[in-house]
Amino acid sequence: MFFAAKTKGYFIEKSAHTVLLARTSAASGPMLVEEVRECASDDAEAMAAAVADLQPKRAPGGYMQAVCGVYPPKRLVRRVSLETKRLKEPAYLGEMLGQQLRIEPSKYSAVMINPNDGTDYDVARPNPPKDVLIGALSSEEILQTQDRLLEEGIYPDRLELASLSVLGGLVDYLKFTNDSSSVLVLEAGAETTNSFIVTASGVEAARPMPQGYDAMVPIVQSELGLKDAESARKLFFSNTFDFTGMGPVLVKRLIKELQSSIGFYEVQTGQSVSQLHSILLPPKLAWLDGAIATGMGIHSLRVEMAEWLASRQITLADAVKPKVDARWFGLFSLMLNHNQAAVAPHAVAEKKA
């Protein structure tokens, strides 16, 4: 195994549907995002072309060293309350993972972080906080993901649970924009949907729901009078039919689940959830974000990334700006250095001048 000379930074975000890639002028800030590429996650030929475009001088058989954010199917992100008096018991954390998260600790790699600032949770500190955010990946999926990346010519310098980097990026963004609202973050999946409530103060809630966009296929079949589920599925995931008018019916069950979760948060905190940010939706189902927001009587979060990234010493090349939208937020979140102080908005403006 050998690597190409590393004078640039490379970042990759892989989901079930899409791979987003970027090359930067340096591995850490300050950096310029020089090039970006996008391809379908199941298109090996397009992936190889994207890697070759970003690192054209890579030697045959060499590897692109990259920071990789991934969303394996068995990932878990939960906010839990610990029995802090039991933290020194050797068996307690394993017991907690088994009982509260329903996972076998020996088969998972888990990280515990403070939900307010993303720093590592220190079980040895005096009077540790009760609440903790736990991210977990199955060891089997970690190995499978690494093997797949190597097959694609990518060596993961750092392999991150992208759910955590996105949440950290959103907290940072809300702080930068002085946004005091509570944002509902939906991490869409075919069979399950992970919901989070995020504010500038951190991750306030995390809850999985046993329902994803596949549950909408039978509704499509019924509403349109289609003969079989496969026909409904093909139509649903195509661009040949406008489903926005059917949106309220399709998201009705999901909204009911969400309102129950949000209601509990709002009663506890006295804060209202007023914005929605959806990630991981297949490109052809992006309209669901608006349908869910409308059904809940809230607004979709409008992410304006350029000044926020500049505050983190990340600049977009002119050729890159037209190619990126809110879907790229997760990839850019991988570039953040949370130990680096943000530049104030007025200072960014001064630098532009």
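**Figure 1. Ser238 and the backbone of Leu235.** In this predicted model, a polar atom of the Ser238 side chain sits 2.8 Å from the backbone oxygen of Leu235. That's a polar contact, meaning a pair of N or O atoms within 3.5 Å; within protein, one must be able to donate a hydrogen and the other to accept it, and residues adjacent in sequence count only if both atoms are side-chain atoms. You'll find Ser238 in the loop between α6 (229-236) and α7 (247-250). Helices (H or I, at least four residues) and strands (E, at least two) are DSSP runs, numbered from the N terminus. Ser238 has a relative accessible area of 15%, so it is buried. Buried means under 20% relative accessible area, exposed over 50%, and partly exposed in between (1.4 Å probe, protein chains only).

A quick note on reading the views: residues are numbered from 1 along each chain as its sequence is written, and side-chain values use heavy atoms, with hydrogens and water left out. Because the model is predicted, local features need pLDDT of at least 70 and side-chain atom pairs count only at pLDDT 80 or more, while totals for chains, interfaces and linings use all residues.

**Figure 2. Gln275 and its surroundings.** Gln275 belongs to strand β12 (residues 273-279), and with 14% relative accessibility it's buried. Its side chain makes a polar contact of 2.7 Å with the side chain of Ser181. Leaving aside residues up to four places away in sequence, Gln275 also touches others, including Asp179, Val183, Ile298 and Leu301; touching here is contact, meaning heavy atoms within 4.5 Å.

**Figure 3. The buried residues of helix α9.** Look at residues 288-296: in this helix, Leu288, Asp289, Ala291, Ile292, Ala293 and Met296 are buried. They pack against β9, α7, α8 (252-269), β12 and β13 (299-300). Just past the end of α9 comes Gly297, with a positive phi of about 70°.

**Figure 4. The largest cavity.** Searching the whole structure turns up three cavities of 30 Å³ or more, and the largest has a volume of about 80 Å³. On a 1 Å grid over the protein atoms alone, a cavity is a set of points where a 1.4 Å probe fits but cannot get out, and lining residues have an atom within 4 Å of a point. Grid points are joined across faces, edges and corners, and a volume is the space filled by probe spheres set on the points. Among the residues lining the largest cavity are Leu186, Tyr213, Met216, Ser278, Leu288 and Ile292. Sorted by class, the lining has eight nonpolar, three polar and no charged residues. Here Ala, Val, Leu, Ile, Met, Phe, Trp, Tyr, Cys and Pro count as nonpolar, Asp, Glu, Lys and Arg as charged, and the others, Gly among them, as polar.

**Figure 5. Two asparagines with positive phi.** Asn127 has a phi near 50°, a positive value in a residue other than glycine. This residue lies in the loop between β6 (108-113) and β7 (131-138) and is exposed, at 73% relative accessible area. Asn178, with phi near 55°, is in the loop between α4 (162-176) and β9 (182-187). At 68% relative accessibility, Asn178 is exposed too.

**Figure 6. Asp42 and Thr18.** Asp42 lies in the loop between β3 (31-40) and α1 (44-54) and, at 69% relative accessibility, is exposed. Asp42 and Thr18 are 24 residues apart in sequence, yet 8.2 Å apart in space, C-alpha to C-alpha.

How values were computed. 1 Å grid on protein atoms, 1.4 Å probe; cavity = no way out; pocket = protein on both sides within 12 Å on 5 of 7 lines; lining within 4 Å.
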